[in-house]
Amino acid sequence: MDVTATPEWKTLAAHYEDVSGRHLRDLFAEDPERASRLTTQAADLVLDYSKQRVTDETLRLLMDVARAAGVAERRDAMFSGAHINTTEDRAVLHVALRMPPGTELTVDGQDVAGDVHAVLGKMGELSERIRNGSWTGATGKRINAVVNIGIGGSDLGPAMATTALADYAQPGLVSRFVSNVDPVDLYAATHDLEPATTLFVVSSKTFTTLETLTNAAAARQWLLDGLGPSAGDDAVAKHFVAVSTNAKAVAEFGIDPDNMLEFWDWVGGRYSYDSAIGFSLMVAIGRQAFGEMLFGFYSMDEHFRTAPLGENLPVIQGMLNVWYNNLFGAQTHAVLPYSHRLARFPAYLQQLTMESNGKSVRLDGSAVAGQTGEIFWGEPGTNGQHAFYQLIHQGTKLIPCDFIAFAEGTHETGEQQDLLMANCLAQTKALAFGKTAEEIAAEGTPAELVPHKVMPGNRPSSTILAPKLTPSVLGQLVAFYEHTVFVEGTVWGIDSFDQWGVELGKVMAKELAPILTDEAAPDLSAQDSSTAALVRRYRALRGRAV
């Protein structure tokens, strides 16, 4: 269904023409209760969306559009295990990864909840062996460094979460991540480690991912070179764990299939770090903290599943994003965490949001109407304030912002946390209300400088406030954005759970790799002129025949 053809959308579009020019200064002046009314809480997250350019009527009309698009019905279908990923004919069940023990969920004849908890149990056992020192390497030394090798969702999620939850990690146990096939990435992760005390976790569903397996082979060589000929035939088995479904390929690589952790095709990579893909994270923070994170996910899942649309945090945020994306024509969306531990969170969200909703055809194959996925970006505050906030405040582009903040820091010294929060709140206030020419002139500013100092304001933002960055709160945050993506994709009528745009480049890379490396000059007649010329230049620079 094209939601833009519905009466609900047409009413919203007409309403946009009436209210789009209204300023947040006026909206607040006219409504003293606005802040308290446009603030909602779920679990530990408080969402203040009062600084969004909306009225009560806007919000009502946005919820009408959500109903017309079938957000509630599609949400229920997802939770029940229906195959809502229609292009791949799959269920979409990342929510099953955090269902509590004892939950019953059978999909396509399979005990999904039982499978999840069986893998979680195995993850717990293996991680405890590493953490308590009973897992020893080929020389008998305990493991003190874990290097995760993956790419995309097999890297971004666990890497982000391991950084975010570093304050909960076991001291003396190093966590590193390798994703880029650029050899510098593996070198940077391993050059100061001891092979005898290093464990690699290779994450690849099929165990055929080109970049991951290339890096894994290089890591195996690094290990064997470092251990020397006396290491024994089982050296690889003592220093590698696999997260995969291909037991045969895992065994051929040299990894003991008993040290293989399973995951399923109903988990998209960008939704997977709370599955076995997060094994390296569980090693870092332990089984209990990992379980607390899963409960945080589940808390937000239950809120999304049960709360009325108008009180539902992901629905509110998702519909606000649609409002700016499709009516205002906003191109980008800034995520600004006021927590240094969340430095990788915007990068994680880039895959979650842009791989999910970067689509130009609807579920039925017809072209979408208007824009779909937003371009997500951001950096932690206060660093961003001294970099790109200038453009948000005074530039010509409308950039909706999410500010993420915590009442308590994980490491506090003096007044640092209070100053951090003062900056966060000041930025949302300045973006919303700005400063007029009259106010600036009244301060004695020279007339010629007044235009340069005007802050127009009316820049929309949401503020997400939580008590502290804990494993549970991180789970809530990620689930909040997962379901926000779901809401947007449903309104746009697209499949948020496939990623065909990623596949073509992979296929072409496999075709080009031997053309770059063969000793003999390759036949380039099938290549376009630009690619052929670049291949010749590259081969010449590498000293190969052209």
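Arg 176 is partly exposed, at a relative accessible area of 21%; here buried means under 20% relative accessible area, exposed over 50%, and partly exposed in between, with a 1.4 Å probe and protein chains only. Its salt-bridge partner is Asp 192, with 3.0 Å from N to O. A salt bridge is a side-chain nitrogen of Lys or Arg within 4 Å of a carboxyl oxygen of Asp or Glu. Arg 176 belongs to strand β6 (residues 174-178), while Asp 192 sits in the loop between α8 (183-190) and β7 (198-203), 16 residues apart. Asp 192 is also partly exposed, at 47% relative accessibility. Helices (H or I, at least four residues) and strands (E, at least two) are DSSP runs, numbered from the N terminus.

A word on the basis of these values. The model is predicted, and local features need pLDDT of at least 70, side-chain atom pairs count only at pLDDT 80 or more, and totals for chains, interfaces and linings use all residues. Residues are numbered from 1 along each chain as its sequence is written, and side-chain values use heavy atoms, with hydrogens and water left out.

Let me continue with the charged pairs. How many salt bridges does the structure hold? There are 24. One of them joins Asp 2 and Arg 362, whose closest N and O atoms are 3.8 Å apart. Asp 2 lies in the segment before α1 (7-19) and Arg 362 in the loop between α13 (345-357) and β11 (375-377), so this pair ties together parts that are 360 residues apart in sequence. Asp 2 counts as partly exposed at 25% relative accessibility, whereas Arg 362 counts as buried at 14%.

Another salt bridge is formed by Arg 98 and Asp 274, with 2.7 Å between the closest N and O atoms. This pair links distant parts of the chain, 176 residues apart: Arg 98 is in the loop between α5 (71-80) and β3 (106-107), and Asp 274 in the loop between β9 (260-261) and α11 (279-306). Arg 98 is buried, at 2% relative accessible area, and Asp 274 is buried as well, at 1%. Elsewhere, Glu 57, Arg 60, Asp 64 and Arg 67 are joined in a network of salt bridges.

I turn to the cysteines. The structure holds zero disulfides, a disulfide being a pair of cysteine sulfur atoms within 2.5 Å. For Cys 401, the nearest cysteine sulfur is that of Cys 424, 11 Å away. Cys 401 is buried at 1% relative accessibility, and Cys 424 is buried at 0%.

Next, the aromatic rings. Which kind of pair do Phe 207 and Phe 253 form? Their ring centres are 5.8 Å apart and their planes stand at 80°, so the pair is edge-to-face. Rings of Phe, Tyr and Trp (its six-membered ring) pair if their centres lie within 6.5 Å; planes under 30 degrees apart count as stacked, over 60 as edge-to-face and the rest as tilted. Both Phe 207 and Phe 253 are buried. By contrast in geometry, Phe 345 and Tyr 348 are stacked, at 6.3 Å centre to centre and 25° between the planes. These two residues are three apart in helix α13, and about one helical turn separates them. Phe 345 and Tyr 348 also belong to a cluster linked by ring pairs, together with Tyr 273, Phe 297, Phe 480 and Tyr 481. In total, the structure holds 24 aromatic pairs.

On a 1 Å grid over the protein atoms alone, a cavity is a set of points where a 1.4 Å probe fits but cannot get out, and a pocket is an open set with protein on both sides within 12 Å along at least five of seven lines; lining residues have an atom within 4 Å of a point. Grid points are joined across faces, edges and corners, and a volume is the space filled by probe spheres set on the points.

There are three cavities of 30 Å³ or more. The largest cavity has a volume of about 80 Å³. Of its 13 lining residues, the closest to the centre are Val 3, Thr 4, Ala 369, Val 491 and Trp 492.

The largest pocket has a volume of about 1,000 Å³. Of the 40 residues lining this pocket, Thr 209, Gly 269, Gln 499, Glu 503 and Lys 506 are the closest to its centre. Which element gives the largest share of the lining? Helix α19 does, with seven residues.
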